[in-house]
Amino acid sequence: MDINLPSYDVRWRERDGKREIFDFLRRRYVALTPEEWVRQHFVHFLVEHKGYPKGLLANELELRVGEKRLRCDTVLYSATLQPQMIVEYKAPDVAITQRVFDQITAYNILLHVDYLIVSNGCQHFCCRMDYARRSYEFMSDIPDYSTINNNQ
């Protein structure tokens, strides 16, 4: 799958006729779907190229709203373990549309983070929330971890 993210040493296996990829955050193999391919590359990009601490990232975080269960693709926590960023992934052939932003916004109603990122592996969008002004600002690039920490 051709994506716009740096490569890394991918660990994968075949099990019961299905391919699996190793998720180094969850420390286990998971089904290799196009979306998972993007997630694994993006998380490695954050850790290896942007300086994000592996120990503060979580994949597949479950949220509950009454009986409804939602699942955030990746969440970055602050050093005090407060949610700080939500990342939503789509497969490379899925367009980033308003519907995708609506999905991540629904998660943010519960988590109230500072940054939202959406990526299909080819395109990446990051916005910084400004709750005081009830607005957000799209950033030109995915921020380094040190930039996020300096904005606290």
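A: Let's settle one term before zooming in: two residues are in contact, or touch, when heavy atoms of theirs lie within 4.5 Å. Keep in mind that this is a predicted model, where local features need pLDDT of at least 70 and side-chain atom pairs count only at pLDDT 80 or more, while totals for chains, interfaces and linings use all residues. Residues are numbered from 1 along each chain as its sequence is written, and side-chain values use heavy atoms, with hydrogens and water left out.

My pick is Asn108, which sits in helix α2; helices (H or I, at least four residues) and strands (E, at least two) are DSSP runs, numbered from the N terminus. Asn108 has a relative accessible area of 6%, so it counts as buried. The cut-offs there are under 20% relative accessible area for buried, over 50% for exposed, and partly exposed in between, using a 1.4 Å probe and protein chains only. Skipping neighbours within four places in sequence, Asn108 is in contact with Ile86, Val113, Leu116, Met129 and Tyr131.

One of those partners leads further in. Met129 is listed in a nonpolar core of 18 residues, along with Leu63, Val75 and Phe101 among others. A nonpolar core here is a set of buried Ala, Val, Leu, Ile, Met, Phe, Trp, Tyr and Cys residues joined through side-chain atoms within 4.5 Å.

Apart from that one lies the largest core, with 27 residues. Phe42, Tyr52, Leu76, Met85 and Ile142 touch the most other members of it. At least two residues each come from β2 (18–23), α1 (34–50), β6 (83–89), β7 (115–119) and α3 (145–150), and α1 gives the most, with six.

Now for strand β6, where you'll find Glu88. Glu88 is buried, at a relative accessible area of 2%. Beyond four places in sequence, Glu88 touches Asp73, Val100, Gln103, Ile104, Tyr107, Ile117, Val118 and Ser119.

Ser119 turns up again as a partner of Val38, a residue of helix α1 that is buried with a relative accessible area of 0%. Val38 and Ala91 are 53 residues apart in sequence, but 6.7 Å apart C-alpha to C-alpha. Val38 also touches Pro92, which lies in the loop between β6 and α2 (98–111). At 21% relative accessibility, Pro92 counts as partly exposed. Besides Val38, the partners of Pro92 include Asp2, Ile3, Pro34, Asn120 and Cys122.

Stepping back, the chain has three helices and nine strands, running β-β-β-α-β-β-β-α-β-β-β-α from the N terminus. Its radius of gyration is 15 Å, close to the 15 Å the globule rule gives for 152 residues, so the chain is as compact as a globular protein of that length. That radius is taken over C-alpha atoms, and the rule is 2.2 Å times the number of residues to the power 0.38. Overall, 43% of the 152 residues count as buried.
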